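Here is a short tour to read with the model open beside you. Let's start with a helix pair and then move on to the ligand.

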Amino acid sequence: MHNKPTSAIAHPNIALIKYWGKRNKALNLPATHSLSITLNTLVTTTSVSFLEDLSADQVNVEHQPADVNFSQRVSTCLSQFRTLSNTRLFAKVDTSNNFPTAAGLASSASGFAALVTAANAALGSPLDTRMLALLARQASGSAGRSLFGGYAIQHRGETNNGSDSFAEQLWPAKHWPLEVVIAITSTAKKRIGSSAGMLHCAKTSPYWGNWVEQSDTDISSAKAAIEARDFAALADISEASCLAMHAVMQASRPWLLYWNAATVELIHAVRSMRGAGLAVFFTIDAGPQLKAVCLPEDAAAVEAQLTSVAGVKRTIRCQLGTGARVTS
Ligand code: DP6
């Protein structure tokens, strides 16, 4: 059972209500609730095999040995599986993305969702979905959400050990099949990763306390808007959550700015499209890409207009996707 190579795929998700901050760094417990949509089109594929003859985990990204930092994060995650399923075997892991890594397209979310799904299957599926969501979250706070398709929530949780800080599905994609157009403005790796950025903001941003407090209200407003399929209400609350997160970053000392000039042009473009009657709003993560969320009937027009904004290298159109799953 332990040496069967197993592959899983997972899609990135994008948060409409943002996770930014940790209430416990060691357990990677989020300081805020977050709510996301899982996308199709973008895919991480990960294969895992636990092997007798390895003396350490071997991690490849795009068929090359992974950097030390990523290898350690993968190994820490796999060690939890070893403890919980009582094996001492190390694993060979191969992971690849069909999109740029670490550029604000949530590669760590799909990466760790695919990893826990493949590792569990390779060990004969000893862990249930709740436990996989806890392990994915511990590896990366946005990863638990990518275990689920459609609309997912990552609960902040209240307990010190994080047992109630799990992700789960709120609605499947068919509840409200929104579309997303991603405008890529740069494929360079970001200078400061999310984990470091969050810790820096918590330490130095004067808006930190307000940001964390606001999360409870924002999550309820977003759930109500999605339940009622109220696009205007979801647009308001999502843009507010996104811009509040970036305000926290920009007010930190020294300041943290993930946008480039094209990101700002895109924000204005989305606002004027909405003014002209298209159902579209934006969200932006810890990178310079803009994600335009829209109703399916407006997606083609939104994509055409975003393509023509100065500095946009290309666009990627996505529907809502499914959760992580074993493929072989
Ligand atoms: C801006 O999940 O990458 O995309 O838990 O430190 O791995 P770690 O952080 P990560 O942070 C994602 C932050 C965000 C917002 C979001 O996805 O909610």
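## Two helices in contact

In helix 1, Phe70, Arg73, Val74, Cys77, Leu78 and Phe81 meet Ser108, Phe112, Leu115, Val116, Ala119 and Asn120 of helix 2; contact here means heavy atoms within 4.5 Å. By class, this contact has nine nonpolar, two polar and one charged residues. Ala, Val, Leu, Ile, Met, Phe, Trp, Tyr, Cys and Pro count as nonpolar, Asp, Glu, Lys and Arg as charged, and the others, Gly among them, as polar.

The crossing of helix 1 and helix 2 is right-handed, a term for the near helix being turned clockwise from the far one, by less than a right angle. Helices (H or I, at least four residues) and strands (E, at least two) are DSSP runs, numbered from the N terminus.

## How the model is read

This is a predicted model, in which local features need pLDDT of at least 70 and side-chain atom pairs pLDDT 80 or more, while totals for chains, interfaces and linings use all residues. Residues are numbered from 1 along each chain as its sequence is written, and side-chain values use heavy atoms, leaving out hydrogens and water.

## Around the ligand

Which residues come nearest to the ligand? Of the 18 around it, they are Tyr19, Lys22, Gly141, Ser142 and Ser195, where near means a heavy atom within 4 Å. The shell divides into six nonpolar, seven polar and five charged residues, and its largest share, three residues, comes from helix 4 (residues 194-204).

The protein covers 92% of the 460 Å² of accessible area that the ligand has on its own, computed by the Shrake-Rupley method with a 1.4 Å probe.
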